[in-house]
Amino acid sequence: MERNIAVLIGGVIGGAVKLVVDQLAFASGISSVDTIGTVSNLLFVQSGMGWFIYVIVTGFAGWLAARLISQEYLVSYFSSGLILGIVLWALMNIFFIVSGIATPTWSMGIGSFVINLFSHLVLGIVIVYTISRTKIDIIR
């Protein structure tokens with residue numbers, strides 16, 4: 001499979017997993033972060049379309065990360081994925097602060113903070129894992 005397509009798919013899969021974790025925590029009351037509600041309100045779309053747009057954006061984030069992360073950092077995809085997840089989480093919260101669209105997750109309580117950070121870490125790991133697997137296939 002072509003590297004660009006594989007990384008886009010990895011980002012989409014990571015984004016879908018992230019959304020499931022976020023929405024399960026929101027539905028169970030552990031977290032007050034409603035990712036789909038925020039995306040839907042931001043783009044003025046229905047929640048089903050919010051899911052679709054969100055996973056496409058995370059696919060693009062995976063593609064962009066593949067362009068920025070060099071081969072030497074892919075030796076340990078787990079630690080590189082954790083770093084990418086933290087960076088994505090921080091960028092999302094900075095965007096929320098600057099735009100005023102939503103409250104940053106660190107100020108929404110410990111449950112929201114932990115769940116949202118965890119879901120971003122999973123997203124980062126899935127994206128970097130996909131990047132590392134496609135780079136290995138290209139070298140062979």
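Predicted model: local features only at pLDDT ≥ 70, side-chain atom pairs only at ≥ 80, totals over all residues.
The largest nonpolar core comprises eleven residues: Val7, Ala65, Ala66, Ile69, Leu74, Leu84, Leu88, Leu123, Ile127, Val128 and Ile131. Two or more of these residues are supplied by each of the elements α3 (47–68), α4 and α5. Helix α5 makes the largest contribution to this core, with four residues. Another core, of five residues, lies apart from it and includes Met92, Phe96, Leu117 and Leu121. In soluble globular proteins, nonpolar side chains tend to be buried together.

Ile127, a member of the largest core, is in contact with Gly11, Thr58, Gly62, Ala65, Leu84 and Leu88 when its neighbours within four places in sequence are left aside. Of these contact partners, Ala65, Leu84 and Leu88 also belong to the largest core.

Ser132 is located in helix α5, which spans residues 110–139. Its relative accessibility is 5%, so Ser132 is classed as buried, the cut-off being under 20%. With residues up to four places away in sequence not counted, Ser132 touches Leu74 and Tyr77. Leu74 is itself one of the residues of the largest nonpolar core.

Notes. Residues numbered from 1 in each chain as written. Heavy atoms only, no water. Buried < 20%, exposed > 50% of the residue type's maximum accessible area, 1.4 Å probe, protein only. Contact = heavy atoms within 4.5 Å. Core = buried A, V, L, I, M, F, W, Y, C linked by side-chain atoms within 4.5 Å.
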